[in-house]
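Please look over the sequence and the structure shown below before reading on. The report that follows takes up a few local features and then moves to wider ones.

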Amino acid sequence: MFKTKTGKWSAVALLAVIIVAVGGYAYVMAAFPENRCEAKHLTDETKMAGDCYACHVKATPKIAQDWYEGKHGVLLVKCFVCHGQPDGKGAIEFAANPDPDTVCRKCHDPAVNRMQEKYGLRAQCNECHPYHQNSIHHEAFQKTQSKKTLD
Amino acid sequence: MSLSRRDFIKQLAAMSALTALGIPTKAKADQNIDFWSKAVCRYCGTGCGVMVGVKDGKVVTVKGDPNNHNKGLLCLKGALLAPVIYAKERVTKPLIRRNGKLEPASWDEALDLTARKFRESIDKFGPESVGYYGSGQALTEETYLASKIFKAGLKSNNVEGNPRLCMASAVGGYTTTFGKDEPCGCFEDIDATSCFFIFGSNTSECHPVLFRRIADRKQSDPKVKVIVVDPRTTNTARIADLHLKVKAGNDLALLNAMAYVIFREELDDPRFIERYVHFKDNEKKTHTLEEYLRFLDDYTPEKVADLVGVTAEDIWRAGRMFGEAPASLSLWCMGANQRTRGVWANNLISNLHLITGKIGKPGSSPFSLTGQPNACGGVRDTGGLSHLLPAGRVIAKKAHRNQVEKQWGIPQDSLNPKPGLHTTALFEAMSKGEVNCLLTLCTNPAHSLPNLHKFNPGLKQCFLACIETFSDAKTLEFADVVFPPSFWVEREGVYGCSERRYALIGKAIDAPGECRDSVNILVDLAVRMGVDPKLVPYKNSEDVWNEWREVSSSTPYNFMGITRERLRKESGILWPCPTEDHPGTKRRYVRGEDPNIPADYPNKYWFYGNEDGRAVVWMRPQKPPAEPADAEYPFVLTTGRVIDHWHTGTMTNKVPEINKSFPEAYVEINDQDAKRLGVQNGDNVELISRRGAMVFQARVGDVCNPGLVFVPWFDPDRLINELTIDAIDPGSKQPEFKICACKVRKV
């Protein structure tokens, strides 16, 4: 297959790149999974137990603020109801992006059915219906905008 | 570069495949549900419809029932119901206490021992030496049956239940004002109202799906107003246009002051008052409107503002908002009921509707929210309290007793004419050795009674048999026998929620181990106690339900049209419902809606519970709580629920997410008080009342008023009820959980 020296070296280099890429990717996926909570260890402390909001208001202020102002926040649908708990030992799978079929359906079954009929079941409801920004006070969207400007 | 184009594409494809291999595909939960079964949520008085998804004989998920009033929505607790069923703490075998330890036994042993103990006590000390203590979470059929067994079979009227701790003042309020118990409006009134008057209810945390409906209504029309009366800035107050952060215990004055404002601003409805209302004082003496107005002169906003703890201007605003709105809906809960003047608070809220005619119209109703999923229904309707008989009848009235005796097929005048002991009296009688045997069903009094140190000795002393699902319920520490019941969707039965809506919990799965349906446990136990088997000829809960329909049919309650078949098909029906083609009743006392009012009745409204057909506007004066704060105990302690946990936590602490997020109770303290005491957020503080002391972690903030501390009551390791007071409302006999004096000390 490789008739010249350059060809051989190219193949070796390419293989090396592949190994590094795959290895790097595997490492990143293992060390930084999609469903990783930096503060997992803290949630064992009574004071911090389940208080995702207290951390996220600092770590991801936009998301935390959107939730607080959004319908789910006003109605106290807390983080763990949809995202599960960080140690993954809960009844709900710990996930940054909750699965529409198993999570969203619990409360929004008629809406999921309607959307499924129209567009098929999407991987995420969130892409069209940002669940943290669906506001009761009509303020979340404005607040999001102002934050965008500030950033 | 000798790498051919073809080779490059080949290698790129290989790399892509490798990369693709590295992407973790998210494992989808298996959604191949075998079948969905209809039920009602196990938790609060909202009574949301739930569908349970069953696979291989196990409940694997739940979702809201789109056909019930909740339109498919669930709250935090409801969405996480499934793990509760499979808790490792389930009792699955009968247990008998031997040498101080609960040990497995056979059903025969447990039933015979219990029956023998009850029989011996009855033979030796009379029927009043035994009692039953049930629950607003038991099935309607279970409560009806237990009440019949004890009242008709054993001749003991000592039939009580935890609704006495929860809804007794609402019962007292409705019966004194309208002559009949239970709300007259419905949840649909939320969608039609223009003013919410939320009094002593943290709806957001205690009835979350109803709160969503309230918030939706407010969002749909910016003119809709929300008034919240609560000494704490709860999550409910987040959507309030006016939050009256009152001093705990002085709000009767506020309600009278709002009535004063309504008349002064000419927002009353003179025609409604003239036709449908009369005025009475505490001595039940009838008064004129002028005399009522003179009574209200003592409650001008300016006179009561300091006492109530809000500005006079805010009281004027509240009165105007309520009166000016085209439709006003009052919603209240334990803040009004768990008080030594709970009945009066209930009366005074209804007054506001009667003087403005805001009742019986879409969006206008005095609507008491029930705490438990089947207190309003199963216990109040079927007569599961010591002074009641089924369908609104009372033991004290001979005519009522005779009606029930006829329906139950027992000799005339054979029912015990003396009402039984109410809850705190029952547990006190147990301490004194006057009641020797108690059967509990689906309740946890060793955690939920007030002033536990006073009542626990009674539990210890008497022979205690418990039908209880979870082995870690505090009450089992005192139990002599434990019967394992089928839980929630492991048996079929009916729940009735706050709005008079009855819905079926279908059997979806088999119960584990040796668990049996409580209806069958009660029947078996009754027969072994010597009750005539003809009195309890039931094979299952459906048989009991059909008898209950018959028993109710000759009364204004009338469940005749709510057949089992309809319940299986429909997602809830509101009584009265006299025939199978009747759609159910949204608004009572209104001609054209309430089937108890003939179509040709001359007036639009008829308050048929009272002899003269009129509702009563009560002249109830302000009264302080039984134990106000003083120099020695300067704080007011109040208790309540949090959205995460249900009652004594025996169910919610089985859900990993909830247990993790809310593992223990804390004390909420105002930041000014905390500063003065040198307490910081997270510090341990000791609460000391006249009945006990306990250490909690402090949560410092502005939720509580200065001088007020709040503790949630779910935590079995921190029983705040060791500190609460057992003072009761003289009318409803409901304890004043919401207010007692305490001091706070940093430790």
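In which loop of chain B is Cys442(B) found?

## Backbone exceptions

This is a predicted model, and in it Cys442(B) is found in the loop between strand S17 (437–441) and helix H20 (445–448) of chain B. Although Cys442(B) is not a glycine, its phi is positive, at about 60°. Most residues other than glycine have a negative phi, and most peptide bonds are trans. Cys442(B) counts as buried because 24 C-beta neighbours lie inside 10 Å, the cut-off for a buried residue being 20 or more.

Lys733(B), which is likewise not a glycine, has a positive phi of about 65°, and its place is in the loop between strand S28 (708–712) and strand S29 (740–746) of chain B. With 23 other C-beta atoms within 10 Å, Lys733(B) is therefore buried. A further backbone feature is the cis peptide bond that joins Trp575(B) and Pro576(B), with omega at about -5°; Pro576(B) belongs to the loop between strand S22 (573–574) and strand S23 (615–618) of chain B.

## Helix pairs

In chain A, the axes of helix H2 (residues 52–59) and helix H3 (residues 61–69) come within 5 Å and cross at roughly 130°, which means that H2(A) is oblique to H3(A). Tyr53(A), His56(A), Val57(A) and Lys58(A) in H2(A) meet Pro61(A), Ile63(A) and Ala64(A) in H3(A), and by class this contact has 5 nonpolar, 1 polar and 1 charged residues.

In chain B, the axes of helix H5 (residues 140–153) and helix H23 (residues 541–552) come within 9 Å and cross at roughly 70°, so H5(B) and H23(B) are roughly perpendicular to each other. Here Thr140(B), Glu141(B), Tyr144(B) and Leu145(B) in H5(B) meet Ser541(B), Val544(B), Trp545(B) and Trp548(B) in H23(B), a contact with 5 nonpolar, 2 polar and 1 charged residues.

## Domains and core

The domain assignment of chain B gives domain 1 (35–85), domain 2 (95–164 + 385–488 + 507–552), domain 3 (168–373 + 614–618) and domain 4 (635–746). The C-alpha centres of domain 2 and domain 3 of chain B lie 36 Å apart, and 5 residues of domain 2 are in contact with 5 residues of domain 3. On the domain 2 side, the touching residues are 1 nonpolar, 3 polar and 1 charged.

The largest nonpolar core has 249 residues, of which Val50(B), Ile227(B), Leu254(B), Met258(B), Phe322(B) and Val709(B) touch the most other members. Helix H10 (residues 251–264) of chain B gives the most to this core, with 10 residues. Not counting residues up to four places away in sequence, Leu254(B) touches Val229(B), Leu244(B), Val246(B), Val304(B), Val308(B) and Ile315(B).

Key
Residues numbered from 1 in each chain as written. Chains lettered and ligands numbered in written order. Predicted model: local features only at pLDDT ≥ 70, side-chain atom pairs only at ≥ 80, totals over all residues. Axes fitted to C-alpha atoms, helices over the stretch in contact; angles between N-to-C directions. Helix = DSSP H or I, 4+ residues; strand = E, 2+ residues; numbered from the N terminus. Parallel < 35°, antiparallel > 145°, perpendicular 65-115°, else oblique. Contact = placed C-beta atoms within 7 Å. Nonpolar A, V, L, I, M, F, W, Y, C, P; charged D, E, K, R; others polar. Domains from an automatic or database assignment. Core = buried A, V, L, I, M, F, W, Y, C linked by C-beta atoms within 7 Å. Buried ≥ 20, exposed ≤ 12 C-beta atoms within 10 Å, placed from the backbone.
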